[in-house]
Amino acid sequence: MQAAAIGIRVHSGWGAVVAIAQPDGAQEVLERRKMVIVDPKAKGVNQPYHHVEEMELAAAERHIAKCAIESRRLAEQELERLIGTLSERGFQVTTSAIMLSAARPLPDLDEVLSSHALIHTAEGEFFRQAFRQALERLEIPVTGISERELDNQAKKQFGPTAAEVRKRIDGMGRILGPPWTLDEKSAAMAAAIVLAQH
């Protein structure tokens, strides 16, 4: 089995997930998926913190905890499918990376709910945590890489070839076709970094 890595860039309710391998030392995209980790029919799950903004604190905590369990379950299910597909093709996922925001650590829930900016930050962190916990349950090591630090991490890992790696990843969209947005490019670069480290 050849080693592969997963990179994830998260949005509210979903993540752009890219699997990378390095046959012959060059990065290759094995899979890319939009993984939805909420039930689209359920109320208040896409933006759980927005949904509870006006609720009593205890009710807000219950809603967020319920959403967290379901999002983690769905993330685990989707990641298991991806890992199974890769395994059938001869690749073993040995590591993963999740893109982090540059935000400071979150305060208690009552303080989060009193600030619209913190609500947005909390939702990003909420879905990152769902993916992180799912990967941990699947026993895949997870590294967080800050959006701001992605290029520095690439330079540290790949040295003088970092620009070449970035160019290769950016250019994969021509081969793969759309979508190949900043989400996929960042997830792919993060996966390439942790795979090279592993």
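## Close-up views of a sheet and its salt bridges

**View 1. R9, E147 and D183 join in a network of salt bridges.** This is a predicted model, in which local features need pLDDT of at least 70, side-chain atom pairs count only at pLDDT 80 or more, and totals for chains, interfaces and linings use all residues. Residues are numbered from 1 along each chain as its sequence is written, and side-chain values use heavy atoms, leaving out hydrogens and water. A salt bridge here is a side-chain nitrogen of Lys or Arg within 4 Å of a carboxyl oxygen of Asp or Glu. Between R9 and E147, the closest N and O atoms lie 2.7 Å apart. This pair links distant parts of the chain, 138 residues apart: R9 sits in strand β1 (residues 2-11) and E147 in the loop between β5 and α5 (150-158). R9 is buried at 16% relative accessibility, while E147 is partly exposed at 32% (buried is under 20% relative accessible area, exposed over 50%, partly exposed in between, with a 1.4 Å probe and protein chains only).

**View 2. Here is the open sheet of 5 strands, ordered β3-β2-β1-β4-β5 with mixed pairing.** Its edge strands, β3 (28-36) and β5 (142-146), each pair on one side only. Strands are DSSP runs of E, at least two residues, and helices are runs of H or I, at least four, numbered from the N terminus; two strands pair if DSSP finds at least two bridges between them. Strand β4 (residues 91-100) runs parallel to β5 over 5 bridges, and M99 has I145 as its bridge partner in β5.

**View 3. In helix α6 (residues 162-176), R168 and E164 are 4 residues apart, about one helical turn.** Their side chains meet in a salt bridge of 3.0 Å, N to O.
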